[in-house]
Amino acid sequence: MFATTVCAAIGLAAEPSTRQEPSGVNLALGAAVEARSSMESHPRTAVRHLTDGIMAAGGYQSRPSRLRIPVGLDLGGFTGGWRNAFYKEAKGVTFVRADKVDDAFEYTFEGDEIAWIGTRNSDHGQVEVSIDGKVEATVDTRTGKLELQKELFRRKLAPGKHVFRLRISTPGITEINALEIADSRISASASVKPGEIDEWVTIDLGQEREIHHVRLFPAWVPAREGEGAASFPLDYRVLTRTGQGEFVVAKAVVGQVNPGTAPVTVELGRQRARQVRLEVTRVSGRAAGESDDRLRLAEIEVLGPGPAVARLAPAAVPKPNWRLQTADTAITVAVEDGRPVLHELSAVHTGWNWLAAPTPIALPPRVKVFGVEDHQTVTWSLQEAKETEDAKGRRLTLRFVCGEVPKMTFSCVWWAAVGPGPIQYHEEIDNQVEGNHPTGMLVFNPIRERLDIALRPPRAAALWRFHKDAGGGGRPKSLYLDLLADGSLHEAPFQGGKDQGYGFIPMVALDAGSHGLYLAGEWQDGRFRVEASGPDPVQIRVASLPGSMSPTNTAALFGLTRLAPVYLGAYDGEVDDGANRFKRWFFTHKSPAQVRDDPTEPWTLFTAWWSRKPGWVQYQEVFTKAMRERLSDTGFESVCIDNGWWNKDLWTADPERWPDGMQIAGRLARENGFKLTLYFKRSNSTMAWGKRLSQKMKEYGATTYRSDFGAPSGPAGMAMLDWLIANHPGFRYEHCDEGGKQKDFVMAQRASGIYGIDVYDPLSNRKMFHVSSYCLPPVQLQCPIDDILRAPVYALRSSMQGAMYIGMGFGKGAMPSECPVLIEPMRNNVALFKNRLRPLMRSGDLYHLTLRPDGVNWDGIQYQDPVTGKGAVMLFKPNSKVDTRRIFLKKLARTKTYALSFQDRPEQNLRKTGAELMDDGFDVTMTGELVSEIIWIEESDS
């Protein structure tokens with residue numbers, strides 16, 4: 001295929017859902033482009049030609065005359081102890097807070113007016129406000145009652161660039177919610193009516209080509225009234241021309257439905273054209289803070305047949321060489337000059353070899369002899385190449401031996417599983433022993449990069465990074481998408497502080513439009529480093545660098561050490577397609593056997609304070625009453641006793657709160673049909689601690705061990721968990737470390753459930769799930785929610801997107817029986833989860849139908865089982881003024897008919913073909929706020 005890509009204005013900082021230009025970056029690649037806009041403020045961008053028949057062109061970028069910028073920690077400019085803050089009175093809104101004198105925030109902007117939006121309260125203090133180094137005011141934010149999102153300061157300025165600074169001048173809290181910036185030099189033409197524009201873009205394909213259709217990709221900028229994307233074409237024409245002739249209308253569209261984040265395909269039929277023009281006369285609603293109308297697109301693709309892409313011919317690879325392949329990904333490895341060289345990393349479906357050049361894999365350069373301070377340089381030679389194959393897949397092991405005195409071997413191991421998924425690569429070090437002592441140890445100093453490969457995309461590529469969104473609140477931004485151009489440099493560190501959400505999930509993806517590549521690292525510490533350089537398409541270098549926690553800084557002193565793997569996978573389609581193949585592979589080969597083999601996983605889990613007082617104060621009498629009532633027969637399968645039940649020794653129960661010990665908890669749970677999850681406060685990761693844990697779990701009748709602060713980590717912690725899995729019958733582990741701090745693939749191999757986030761409102765959990773579910777199997781991703789009284793069904797279903805985890809910790813009751821309004825919604829939705837959603841979650845694929853939830857616009861996901869044709873759409877309408885929204889489904893069979901059944905609104909049931917549901921979509925109506933819907937999808941004969 002060939003494509004012309006145009007990236008137009010993105011005026012607000014926002015996160016992508018599908019492919020999109022990131023905020024503040026212009027895509028400036030491809031064929032010649034002309035553009036006309038009714039806005040005077042659209043600067044043009046240069047264009048360049050791409051290879052392999054793919055064209056891309058820079059569009060125009062504009063910014064609104066008045067812009068409201070949400071302030072989050074990722075904005076930068078903070079000094080001191082700033083952190084996120086949240087208020088139940090402002091659900092889904094993030095504030096940034098500090099409370100120490102001289103803590104400061106600085107922001108550089110261009111305009112002629114700025115305002116600070118924040119809070120006032122009784123525990124707040126005074127703040128010194130400076131502009132361009134001059135103190136403008138001292139703002140007292142102390143008041144008698146809480147006031148949220150208040151304008152605390154505003155100042156008109158001379159036009160130009162300015163530096164705005166806040167500094168806490170007296171003890172007390174200071175909070176920032178947003179900045180509002182205005183520039184009177186930017187304005188719309190007075191002759192333009194609201195929604196009506198006169199803008200066009202002409203794309204020169206460089207030569208006459210056969211084209212089939214045009215695709216329009218909305219930019220991720222929500223309309224302020226909550227209906228899909230802002231400034232998307234509603235009335236437009238697509239025109240073509242050959243040579244220097246006149247433009248001819250190929251397609252005219254009036255009343256286009258706003259597609260939200262889904263691309264719109266405009267079929268043109270088979271024709272030849274040198275130039276394609278999009279003329280737009282009406283667009284959808286404006287974005288928040290904007291006072292003018294403009295055309296806004298992430299991409300335009302002009303599609304038709306293009307040159308075939310070919311992988312490197314096997315004959316060009318030196319011998320000896322070996323080739324391994326999954327259903328998605330192929331590699332070819334050779335040995336040259338005594339070291340392994342990767343010659344191919346291909347997408348099977350497209351044949352595209354992603355390697356920019358043959359890539360050597362560096363062998364460790366030095367060995368330190370046991371008992372000797374100095375180390376010596378060593379040389380390696382191939383000792384053995386071994387291929388093995390079984391029902392699960394094929395493995396290649398290249399074993400190298402060093403030529404010097406220490407008897408050490410270093411093995412490079414590739415494994416290609418049967419079916420779709422990545423190819424796994426790991427390394428093994430065998431430090432052989434003479435007498436009672438090892439002969440040497442490998443020294444990685446500086447720390448050796450596990451994988452360092454140079455890649456060439458078939459077209460301009462976007463880098464996807466996935467933040468953990470862990471800790472004390474959902475981040476303003478956690479899905480990062482960056483267009484890779486010459487000079488780009490991005491990192492994804494796997495760890496960070498609590499205020500930074502604990503870093504990124506160890507996975508990155510390169511999206512090249514119709515196909516892409518992903519790379520993942522198994523270990524808990526380290527980073528991916530991605531940089532791009534050279535002409536288009538740029539060369540991309542991806543390096544996996546282990547961190548200080550990793551066992552790869554030095555090898556073990558003796559015996560065999562297996563270093564944590566990395567995963568390399570190619571995919572056909574969009575990022576969701578690649579993510580689904582990876583998650584299915586991980587679930588099949590890596591997830592705990594407990595999760596894979598038990599069709600009732602993930603268990604529905606209920607937790608509470610088991611107290612009538614707010615706080616972690618458990619009482620045996622309350623738990624006993626709850627068990628006898630069986631939680632009012634709500635259908636939950638497991639109950640959790642969390643923090644604070646223990647005595648001073650941390651192993652036995654507090655005799656005042658649990659006079660009969662924790663044995664009573666296990667017995668009562670078992671007698672009433674529940675499994676017991678019990679939180680043990682850890683002190684170390686030793687095997688002795690693990691063995692005592694096993695003993696206490698058996699003694700108390702606990703089925704699941706739950707951790708939190710100080711959860712098992714590092715090589716010792718993983719060894720302890722592996723021992724428990726192997727030696728404790730039915731051992732099950734639920735991981736929580738400050739709400740997803742260790743959201744990685746080494747933990748996902750051992751934990752049946754990983755806590756997603758450490759706040760419990762529905763919106764924060766859906767924000768977290770939207771991003772984390774690209775990487776981790778949803779059956780293992782817990783969505784803990786206890787904010788359920790205000791809108792029970794909406795809250796329960798927010799947890800049902802992943803592993804259902806419901807708590808009651810609001811101090812108004814420890815059981816549903818004490819809140820009768822919750823009994824029926826719990827019973828009904830727990831049953832829906834167990835009987836209908838859970839099977840889809842285990843066997844189906846997950847597709848993100850909308851943007852990351854923002855608390856205003858509709859959001860939703862789709863589960864779809866490709867074998868049975870069954871699926872489910874989960875939709876949420878938090879606070880939108882729009883009651884009807886068009887939904888576009890994904891990955892249905894185009895010629896089959898599907899019956900859609902609405903769980904709550906059966907009057908909207910319908911039947912359509914897969915093509916209609918994916919291309920044209922269908923309308924869903926939901927009135928009110930904090931409402932939801934589940935739409936069941938099933939293949940139909942008529």
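In the predicted model, the axes of helix α10 (residues 792-800) and helix α11 (residues 823-843) come within 10 Å of each other and cross at roughly 25°. Because angles under 35 degrees count as roughly parallel, this value makes α10 roughly parallel to α11. The crossing in which α10 passes α11 is right-handed. On the α10 side, the residues that take part in the contact are Pro-792, Val-793, Leu-796, Arg-797 and Met-800, and they meet Pro-825, Met-826, Asn-829, Leu-832, Phe-833, Leu-837 and Met-841 of α11.

Elsewhere in the chain, four strands form an open sheet in the order β18-β19-β20-β21, with antiparallel pairing. The edges of this sheet are strand β18 (321-325) and strand β21 (359-360), each of which pairs on one side only. Strand β21 is joined to strand β20 (residues 339-347) in the antiparallel sense over two bridges, and Val-341 stands opposite Pro-360 of β21. In general, the strands of a sheet pair through backbone hydrogen bonds, in either a parallel or an antiparallel manner.

These elements belong to a protein with 12 helices and 56 strands. Among contacts between residues at least 6 apart in sequence, 70% join residues that are at least 24 apart.

Conventions
Residues numbered from 1 in each chain as written. Predicted model: local features only at pLDDT ≥ 70, side-chain atom pairs only at ≥ 80, totals over all residues. Heavy atoms only, no water. Contact = heavy atoms within 4.5 Å. Pairing = 2+ DSSP bridges. Axes fitted to C-alpha atoms, helices over the stretch in contact; angles between N-to-C directions. Parallel < 35°, antiparallel > 145°, perpendicular 65-115°, else oblique. Left-handed = near helix turned anticlockwise from the far one by under 90°.
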